Amino acid sequence: MILKEFLELRRDKRTMAMIIVLPLVLLVIFGYAANFQVNDVPTRVYGPTAQAVAAQLKAPFDVKEVDPSGTREEATDALRAQDAGAVVLTDETGKSSTVLIDGSSQFSAQAASSAALATGGALKPDILFNPDLKTSWVMVPALIGMIMAFIGTIVTAIGLVRERQAGTLEQLAVMPFKASDVIVGKIAPYFVLAAVDMVLVTVLGCLLFGVPFAGNILVLALGAVLFLFTVLGIGVLISSVSQNQGQAMQMALLTLMPQILLSGMIFPLAAMAAGVRWIGYIFPLTYFNMISNGVMLRDAPLNSLALPLGVLAGMSILVFSAAVLRFRRDLAPAAPKPTARKTVPAGSVR
């Protein structure tokens with residue numbers, strides 16, 4: 001029996017990947033990404049004594065721009081667009097400056113605030129968008145994306161594999177449907193369910209935890225649509241290469257775990273090692289977190305969210321196209337097997 005189980009495991013490549021690959025992935029992720037300490041906060045320095053104050057700033061303030069003519073309004077706009085994590089506003093003397101801090105990036109804000117307080121009054125912290133640095137204000141926008149990712153990936157993959165096992169997909173092969181028609185028809189219910197869950201989580205998060213919704217709801221809706229198409233396409237791809245629901249669940253977890261850990265939802269991207277941080281930028285959840293956080297907490301303008309929206313649009317097209325191509329192959333009716341001709345001995349026909 002022991003030998004039999006080892007032989008079956010060796011043939012089941014997906015289970016072997018879960019047993020061997022997933023622990024190694026988690027080890028690397030937690031080893032390099034599990035860090036809450038932010039050492040570099042992109043900083044701008046504005047005001048009449050900007051040059052002198054910028055020369056005296058120490059870590060974690062990483063000065064990216066010095067502008068003696070910059071105003072508080074421009075500083076707020078820079079933080080809202082996340083062009084900077086902190087902006088120092090200097091006075092005529094340069095001895096008492098105010099540092100505006102983006103509170104929507106909690107760990108960066110904590111690092112900048114602590115460094116400002118350590119100057120003994122030379123820098124006075126003023127935290128915007130999340131003045132009390134409440135964790136719930138940062139987590140609720142991220143949880144919206146995580147819930148949609150779970151529904152879009154796991155539920156879709158398992159549902160389509162269940163239909164394949166039941167033989168429903170084989171029946172579609174003889175109907176006048178294109179692969180894109182089938183995919184749209186199959187994912188539409190999951191799209192609606194995920195959208196309803198998104199609305200519920202957003203409303204309850206705002207009511208229960210007092211999370212503000214400062215931005216344009218249409219911008220968040222656009223980001224959610226693009227994100228949903230992407231994760232639903234991933235679910236379809238997983239279902240197309242899975243033979244049963246267990247395999248679909250395994251592959252879905254392999255795609256979801258790195259996304260949750262490397263999207264900036266738990267560990268700040270700024271605190272990760274460079275190599276691991278760039279891995280996080282290939283996941284759709286990373287970009288939806290940027291959109292939901294920016295819209296809900298900072299009222300980020302549309303132009304400042306053009307990058308994550310554009311990346312999600314590209315991902316949705318790429319993944320959906322791959323799902324259509326893969327599904328088209330699955331829906332192609334199998335060619336009938338040639339039947340052997342029976343030879344009749346000469347003279348046997350009367």
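Student: How many salt bridges does a search of the whole structure find?
Tutor: A salt bridge here is a side-chain nitrogen of Lys or Arg within 4 Å of a carboxyl oxygen of Asp or Glu. This is a predicted model, where local features need pLDDT of at least 70, side-chain atom pairs count only at pLDDT 80 or more, and totals for chains, interfaces and linings use all residues. Side-chain values use heavy atoms, without hydrogens and water, and residues are numbered from 1 along each chain as its sequence is written. The search of the whole structure gives 4 salt bridges.

Student: Which residue forms a salt bridge with R44?
Tutor: Helices (H or I, at least four residues) and strands (E, at least two) are DSSP runs, numbered from the N terminus. R44 sits in strand β1 (residues 41–46), and its partner sits in strand β2 (residues 61–67), 21 residues apart. The pair links distant parts of the chain. With the closest N and O atoms 3.0 Å apart, the partner of R44 is E65.

Student: Is R44 buried or exposed?
Tutor: Buried means under 20% relative accessible area, exposed over 50%, and partly exposed in between (1.4 Å probe, protein chains only). R44 has a relative accessible area of 18%, so R44 is buried.

Student: What is the class of E65, then?
Tutor: The relative accessible area of E65 is 28%. Therefore E65 is partly exposed.

Student: Which side chain meets D62 in a salt bridge?
Tutor: D62 is partly exposed at 25% relative accessibility. The N to O distance is 3.1 Å, and the partner is K64.

Student: Where do R80 and D77 lie?
Tutor: R80 forms a salt bridge with D77, with the closest N and O atoms 3.5 Å apart. R80 is partly exposed at 23%, and D77 is partly exposed at 40%. The two residues are 3 apart, about one turn of the helix, and both lie in helix α4 (residues 72–80).
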